[in-house]
Structure formats: structure tokens, C-alpha cells
Amino acid sequence: MSMENTGHAEGALSTLPWVHVNVGGSKLLAKAWFGDTEYRLLLSDLSSVWEEEMSRNDIKSRAQVLNKRLRAPVHAFFAHLRSVAWPCFSRQSSEQNTSIQFRLVHHEGHLTVKLKSEMGDVPFYWEFHCSPASVALVSRELVSPLLSMTQVLHRHVGELTSLLLKKDAEIQDYKENGAVLSRGRLQTEPFDEEIYRKNFIQRLPQMLQDSLEFDSELQELYVSIRDARNTQKRKRSPEYSSASVDSFIPDQDQTSCVPTGMRPASFRSDANRIMQQAEDTQSANTKETVRLPLPVSAASAVPPVVTPAGRSDMPKKTKATGLFQ
């Protein structure tokens, strides 16, 4: 696959959320992108992450190996493959159709998803050969966005907690000034953050029974964070590497770390100011030094120097200096 197509597939895949799927009776997290005659697939069971990327020529070669009698053009049988595989990898289970069967095979760290379907009245076989994903890919597609989501949700909870405490103070003020609740069923106890946190931790085992589940709100948050990070990368100067964009910096308000893509406004303004100073300094150093004439009063106050030949020379004019030498 060409570098251009690879970048297109990677960019298209990064905009998709992880979805909880059931493939061959196994629960997995999946990310799948299907083009006209190419696809890219990511699968994870939270213990391992596998990937596969296939171009038109690769798809044609594998189809001929798995289907000896296949004579259809690539775009024709790939359209069929996409129609039966995409519903499974996008949470729209296609296993209800008895003519479509998925089976998972693990072998030496690799994962193969075997698919059997019918194209017309002829059986069609396909295999997704997924190899272990690189650390960089796992970090980019799973770890880094999830850390950002954790930080964002933590701040969200903090804001809601602050709002609840303010609401309780407002209600208490109403009561002290004679306000009476008209419907007793609406009465609530004042919010206690410590008690709520303890009860929440006690419910963790029950909530973690299906840790692969990503509801629609989490999927939307994941996509929003990826879009924000990609936008920030595009705005960065080319001289800054992608590693610096994905780096983490300490949060002044909390002991945890916050990704640069989700840092508070004060952090962003400080970083922008530092970057601007660096750019101004580099620009000043690269420009040709400007020679400024001495003021008239200063020039007249300096006596001319008489050389042995009787020639008078004026003092050399000094170079203008900037903020940095």
C-alpha cells in the first residue's frame, strides 16, 4: 500500500470510536475502516491489540488463495466482503444470518478471524490475519485517548461536585428565609462528597463486569478528543515533532498529568507565549544585522583620530544588538 493510501487509512481509522463487538462468540473492542478496495482493522481483548491493513493487490492475492474458483473482479467481491464484515465489526452483529459464520483462531500471539459467507450461490471464504500492534499504535489509538478521557471526566466530576455544593448552599439559604418544599418526595439530603466517593468505590466491582462496553457518550467523547488532538497537531509548527505534541505535563491543580491536547487555557497561553518568544528570537538571529548611525550629538562629541598620514578616521559605527546575543 502506498504511503498516501496508508496515511488516508490511518486518518480515517483515527476518527472512528472503539466499539464493543461479539466476533465468533468472543467479546472484543474493534475499530474497522473499509474503503473501496482496502481496509484496516484493529481488535483488542484488553490483554492484546491486533491489527491488519490490506491493499487492493493484497486482497486480490488472498482471495485467490482462499477461493480457488473465484473469477470476479476485486471491487465486486470486496463489496461483498465489506457488506458481511462491516456489520460485525461495527457492533451491528451479522451472526443472525446462518450463511455468515465467524471463527477466531489464536496462534503464537497472532489472531485470525475466519469468515465464511455466500456470494450469490457460491461459498466465499476470507481470513483476517491480525498481527500484534506496535506500541506506538496502541499508545496513539487506545492509551493516550483513554488517559485524556480519564482526565476530562475527572474534571467534569469536579465541576459537577462544585455545582452540587453550591445548589445545597442555595437551598439552605431558601430554607433559612422561610421557603417550604411543596412536594416532600423531591426532598434530598445535602451532598457529601466523601460519602459519595466511598459508595462509588464500593460499586466498582459491579460496574467493571463488562469493562469492554463503550456507550455512545464515551464513543462521542473519544472521537472529540481525537479530533482536538489532531487539530492541535496541524496547528503546531513543523519544527516540533509529534512526540512533543503527545507529551504530558504536570497539572498545577491536580497531582495527575494532563495531555497537552486537553491542558487548561492558562497552560495553552503560557505554551503559546513561550513558543512565540522562541520564534521571535530565532527570527531576530537569522535576520541581517542593521547598522544604525550614531546620533548627531554623540558623533560631534567624539574627536577624530589623526593617522600618521594625516588622514582622519571617524570611529567605527557599532552594530545594533537585540535581546539575545
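Student: Are Phe34 and Phe78 buried or exposed?
Tutor: This is a predicted model, in which local features need pLDDT of at least 70, side-chain atom pairs count only at pLDDT 80 or more, and totals for chains, interfaces and linings use all residues. Residues are numbered from 1 along each chain as its sequence is written, and side-chain values use heavy atoms, with hydrogens and water left out. Relative accessible area decides the class: under 20% is buried, over 50% exposed, and in between partly exposed (1.4 Å probe, protein chains only). Phe34 and Phe78 are both buried.

Student: How many aromatic pairs does the structure hold?
Tutor: Rings of Phe, Tyr and Trp (its six-membered ring) pair if their centres lie within 6.5 Å; planes under 30 degrees apart are stacked, over 60 edge-to-face, and the rest tilted. The number of aromatic pairs in the structure is 12.

Student: What kind of pair do Phe34 and Phe78 form?
Tutor: Their ring centres are 6.2 Å apart. The planes stand at 45°, so the pair is tilted.

Student: How many residues apart are Phe34 and Phe78?
Tutor: Helices (H or I, at least four residues) and strands (E, at least two) are DSSP runs, numbered from the N terminus. Phe34 is in strand β2 (residues 26-34), and Phe78 is in helix α3 (residues 74-89). The pair thus joins distant parts of the chain, with a separation of 44 residues.

Student: Which strand holds Phe128, the partner of Tyr39?
Tutor: Tyr39 and Phe128 form an edge-to-face pair, 5.3 Å centre to centre with 65° between the planes. Both residues are buried. They are 89 residues apart: Tyr39 is in strand β3 (residues 39-44) and Phe128 in residues 122-132, strand β7.

Student: In what order do the seven strands of the open sheet lie?
Tutor: Two strands pair if DSSP finds at least two bridges between them. The pairing in this sheet is antiparallel, and the order is β1-β2-β3-β4-β7-β6-β5.

Student: Which are the edge strands of the sheet?
Tutor: An edge strand here pairs on one side only. From one strand to the next, the twist of the sheet averages 30°. The edge strands are β1 (19-23) and β5 (101-107).

Student: Which residue of β6 stands opposite His106?
Tutor: β5 and strand β6 (residues 110-119) pair in the antiparallel sense over seven bridges. Opposite His106 stands Leu111.

Student: What angle does the direction of helix α4 make with that of β3?
Tutor: Axes are lines fitted to C-alpha atoms, for helices over the stretch in contact, and angles run from 0 to 180 degrees between N-to-C directions. Contact means heavy atoms within 4.5 Å. Helix α4 (residues 135-176) packs on the sheet, touching β2, β3 and β4 (49-54). Its direction and that of β3 make an angle of about 80°.

Student: How many disulfides does a search of the whole structure find?
Tutor: A disulfide is a pair of cysteine sulfur atoms within 2.5 Å. Cys88 is buried at 2% relative accessibility, and Cys130 is buried with a relative accessible area of 2%. The number of disulfides found in the whole structure is zero.

Student: What is the relative accessible area of Arg69?
Tutor: Arg69 is in the loop between α2 (56-66) and α3. Its C-alpha atom is 9.5 Å from that of Val122, 53 residues apart along the chain. Arg69 is exposed, and its relative accessible area is 81%.
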